[in-house]
Amino acid sequence: MAIPITYNVRNMILRKGLTLMTALGIALTVMTAVFLMMLLAGMRKAFVSSGDPLNVLVLRKGSTSELAGGFTKDKLPILRELPGIARDSHGDPLVSGEWVVVVVLPRKDGSGEVNVTLRGMGPQGLDVRRNLKLVEGQWFSSGQHEVVVSQSIHNRFSHTNVGDMLDFGKGPWKVTGIFDAGGSAYDSEIWGEVNQVADQFNRQNAIGSAYLRATDTVSADALVHRVADDQRLELEGMLETTYYEKQTQSGAPIRFMGYIVGLTMAIGSIFAAANTMYAAVAYRSREIATLRVIGFRKGSIVMSFVFESVLLALLGAAAGIVLMLPFNGMSTGTSNSVTFSEVVFSLRITLGVVGYAVLFAVVMGLIGGVAPAWGAARREILASLRD
């Protein structure tokens, strides 16, 4: 015969102080785990959402990033002739030759200067990319020292208002607009015209990378192979989604730190939960003996105490998640080990983060409750009645 759930709930209410203290300890552990998982979820969205399955990124063979790429301009016409490339309203192939360089900008909060990605793109650069929205001002003009900055860059760095002048390369650049890239990795970039960027950074005779917009996903996969197989090019193509998925390795240090910190705090919370349940066993020894006399089996008592421990853990998980809600959507940044520049992203509480937090808490409750529950069930009835 199973012990009613209401029995455990009443006991938790009766011992309010002990219950709250244990739940708070678990909540702090869950908060730490949730915060680290929010960081990883935000980084994952920033990189993965940047990739468009119809875009093919072309780099020099052996290059791992756009910074390390580079090939001569005479290969762009060959790329434009490849079958399967989409065309704009004028019938021109959607191919954008680009340069990516790193510039240094001062933070608004005065905490120092940080590497930021500057992307020079061809006339088709904006058409190749979807889900872009101009928030303020206008797009940069061809042949001018003009740039547009992402909204995240505008919020975090100085001299990024429309009309301001940014100083990098060989001279000042005028900020003409602010754009929103929908939380993707492009939200960490500044954009300008490719020829102006190449001229300012002495890269006039080459292209760092090229973006090809395919007509459909089948053509995109075919373009990857066509680029690699064309002996005239000696280049390598990859889906844009693949390229940005590889950049999630930037979150590896955070993930490793999260495992260490989370494990350390989890051990402490497990001991706290176990201590609470051991105290409950000592406090309710006669009550447990009475349950045995009434006819409840050892297995029922074990299940009852384990369930109570899990309830405590779930209470702590709920408190930890609620306490982290105000941080949802908060922007932060980290260094991208691939591009050596700062990546701006938002902390995100997703269903996956909530699910992992609840599972994390349940595991702590189970481990912390098993030993006390087993001890409670094994106690001699007469000895417990004398206590």
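I began with Tyr186, which is buried because its relative accessible area is 5%, where I take buried as under 20% relative accessible area, exposed as over 50% and partly exposed as in between, with a 1.4 Å probe and protein chains only. I am reading a predicted model, in which local features need pLDDT of at least 70 and side-chain atom pairs count only at pLDDT 80 or more, while totals for chains, interfaces and linings use all residues. Residues are numbered from 1 along each chain as its sequence is written, and side-chain values use heavy atoms, with hydrogens and water left out.

**Aromatic rings**

I searched the whole structure for aromatic pairs and found 5; rings of Phe, Tyr and Trp (its six-membered ring) pair if their centres lie within 6.5 Å, and planes under 30 degrees apart count as stacked, over 60 as edge-to-face and the rest as tilted. Phe179 and Trp191 are a stacked pair, because their ring centres are 4.3 Å apart and their planes stand at 20 degrees. Since Phe179 belongs to strand β8 (residues 171-180) and Trp191 to strand β9 (residues 189-193), this pair ties together parts that are 12 residues apart in sequence; helices (H or I, at least four residues) and strands (E, at least two) are DSSP runs, numbered from the N terminus. Both Phe179 and Trp191 are buried, and for Trp191 I noted a relative accessible area of 0%.

I then returned to Tyr186, which pairs edge-to-face with Trp191, at 5.7 Å centre to centre and 75 degrees between the planes. Together, Trp139, Phe179, Tyr186 and Trp191 form one aromatic cluster.

Which charged residue lies over the face of Trp191? I found Arg129 there, at 5.8 Å from the ring centre, the criterion being that NZ of Lys or CZ of Arg is within 6 Å of the ring centre and within 35 degrees of the ring normal. Arg203 lies over the face of Trp99 at 5.1 Å from the ring centre.

**Nonpolar cores**

I next looked up the nonpolar cores, each a set of buried Ala, Val, Leu, Ile, Met, Phe, Trp, Tyr and Cys residues joined through side-chain atoms within 4.5 Å. The largest has 40 residues, of which Leu79, Ile190 and Leu212 touch the most other members. Strand β3 (residues 95-106) gives the most to this core, with 5 residues. Leaving aside neighbours within four places in sequence, Leu79 is in contact (heavy atoms within 4.5 Å) with residues including Val58, Phe71, Ala210 and Leu235. Another core, of 20 residues, lies apart from the largest one, and Ile26, Ala41, Met324 and Met364 are among its members.

**Two threonines**

I looked up Thr160 in the loop between α5 (151-156) and β7 (165-168), and this residue is buried, with a relative accessible area of 1%. Its side chain reaches the backbone oxygen of Phe157 at 2.8 Å. Beyond four places in sequence, the contacts of Thr160 include Lys108, His154 and Ile178.

Thr117, in strand β4 (residues 113-121), is also buried, with a relative accessible area of 7%. I noted that Thr117 and Leu67 are 50 residues apart in sequence and 9.7 Å apart in space, C-alpha to C-alpha.

**Whole protein**

Last, I noted 13 helices and 14 strands, and that buried residues make up 50% of the 387 residues. Of the contacts with a separation of 6 or more, 79% are between residues 24 or more positions apart.

Note on methods:
Polar contact = N/O pair within 3.5 Å; in protein donor to acceptor, adjacent residues only side chain to side chain.
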